[in-house]
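Let's walk through this fold together, one piece at a time. Keep the sequence and the 3D view side by side as you read.

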Amino acid sequence: MQLYFSPLACSMASRIALYEADGPTGFIEVDAKTKRTLDGADFLSINPLGLVPAIRTDDGEVLTENAAILQYIADRSPAAKLAPREGMGRSRLHQWLCFIGTELHKALFAPLFDPKMPEAAKARAVEKGGSRLAA
């Protein structure tokens, strides 16, 4: 299995889960600007959107999006107890992963770390984000 990641990106969650799962995994760093791996391979051939994380499974399938990858890792390594296996617990996990991906990552953190984002837009993101973080 291979995880494509970029340092300090949201792919860090998938990296942490894989370390906790303690299974054989290769980590391939992707330059977020050039969309190339450190050895020069074209990451767009792995994920045409150019976004990390992406994971190539042992059977060659590629899965993208943190919420899906985190649950795949948990299912692949049940002994690590990374996620509830079923029922409401699993549904709550899915709920929070979706919340993080949409309400926090895209709505709050992406604008704050965008150097081209106007300061007024960053201030608005912080204003809206406060209510999300308080939930």
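Contact here means heavy atoms within 4.5 Å. Helices (H or I, at least four residues) and strands (E, at least two) are DSSP runs, numbered from the N terminus. This is a predicted model, in which local features need pLDDT of at least 70 and side-chain atom pairs count only at pLDDT 80 or more, while totals for chains, interfaces and linings use all residues. Residues are numbered from 1 along each chain as its sequence is written, and side-chain values use heavy atoms, with hydrogens and water left out.

Let's start with the sheet. It is open and built from 5 strands in the order E3-E2-E1-E4-E5, with mixed pairing; two strands pair if DSSP finds at least two bridges between them. At the edges sit E3 and strand E5 (62–64), each of which pairs on one side only.

Now look at the individual pairings. Strand E1 (residues 2–5) runs parallel to strand E2 (residues 26–31), and 4 bridges link them. Within this pair, Leu3 stands opposite Phe27, and Phe5 has Glu29 as its bridge partner. On to the next neighbour: E2 and strand E3 (residues 36–37) are antiparallel, with 2 bridges, and Asp31 is partnered by Arg36 in E3. These two strands form a hairpin with 4 residues between them, and Lys35 in the turn has a positive phi of about 60 degrees.

Helix H2 (residues 66–76) lies across E4 and E5, running at about 120 degrees to E5. For such angles, axes are lines fitted to C-alpha atoms, for helices over the stretch in contact, and values run from 0 to 180 degrees between N-to-C directions.

Finally, turn to the helix pair. The axes of helix H3 (residues 87–113) and helix H4 (residues 119–134) come within 8 Å and cross at roughly 150 degrees. H3 and H4 are therefore roughly antiparallel to each other (angles under 35 degrees count as roughly parallel, over 145 as roughly antiparallel, 65 to 115 as roughly perpendicular and the rest as oblique). Among the residues that meet are Phe99, Leu104 and Leu108 in H3, and Ala125, Val126 and Leu133 in H4.
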